[in-house]
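Biologist: Please take a close look at the aromatic rings in this model. Keep it simple, and walk me through what you find.

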Amino acid sequence: MKIMNLATSEKMISTACNYLKIFPILSSAKLSINIPREGKDERGPMLWHKDDFGYKNLDFITFVTDVDENNGPFYTLKKKNKLGVFYKLTDVLKNPRPGERNKISLEAFSKKYDESDVMTLKGTSGVSAFVDSRSSYHRGGFCKSK
């Protein structure tokens, strides 16, 4: 109930309205858990991508535990690109595995964007950010340990 109260609070609705320029619809609430994958590489949503399906979007991401480099920070570009959902990088994975359609490897992405262009969301429980996951390239955290 606390999550629903936060999601439907006046502050969240007004923030979403100001960004989207329409009254928002809460379409989902998700809880993700990062499990250590020792000896594995980043895959699926841990690779750079933009979410498909839709034109206007605003995600609110908040950590319920402390997050550092080892247990799965969230990465996104700092600056909004002017073309939004219409901007697409062409260096997508060839012959992708399931869940990797339109994903971009870390190496290919680093050729287009410098590390200083990327925001790493990590910190103590409660650290949060709004992200337009349809307009901004992002990737989920890769859990190495913890």
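Modeller: A charge sits over a ring if NZ of Lys or CZ of Arg is within 6 Å of the ring centre and within 35 degrees of the ring normal. Keep in mind that this is a predicted model. Now look at tyrosine 75. The charged end of arginine 139 sits over the ring of tyrosine 75. It lies 4.0 Å from the ring centre.

Next, rings with rings. The structure holds 5 aromatic pairs. Take phenylalanine 109 and tyrosine 137: their ring centres are 5.9 Å apart. Their planes meet at 55°, so the pair counts as tilted. The cut-off matters here, because only planes over 60 degrees apart count as edge-to-face. This pair links distant parts of the chain. Phenylalanine 109 is in helix H3. Tyrosine 137 is in the loop between strand E4 (128-131) and strand E5 (138-139). The two residues are 28 residues apart. Both phenylalanine 109 and tyrosine 137 are buried.

The two also belong to a group. Trp48, Tyr87, Phe109, Tyr113 and Tyr137 form one aromatic cluster.

Now compare two loop residues. Asparagine 95 is in the loop between strand E2 (74-77) and helix H3 (106-112). Asparagine 95 is exposed, with a relative accessible area of 74%. Its phi is positive, about 50°, although asparagine 95 is not a glycine. Most residues other than glycine have a negative phi. Lysine 21 also has a positive phi, near 65°. Lysine 21 lies in the loop between helix H2 (10-20) and strand E1 (59-62). Lysine 21 counts as exposed because its relative accessibility is 64%.

Conventions
Residues are numbered from 1 along each chain as its sequence is written. This is a predicted model: local features need pLDDT of at least 70, side-chain atom pairs count only at pLDDT 80 or more; totals for chains, interfaces and linings use all residues. Side-chain values use heavy atoms; hydrogens and water are left out. Helices (H or I, at least four residues) and strands (E, at least two) are DSSP runs, numbered from the N terminus. Buried means under 20% relative accessible area, exposed over 50%, partly exposed in between (1.4 Å probe, protein chains only). Rings of Phe, Tyr and Trp (its six-membered ring) pair if their centres lie within 6.5 Å; planes under 30 degrees apart count as stacked, over 60 as edge-to-face and the rest as tilted.
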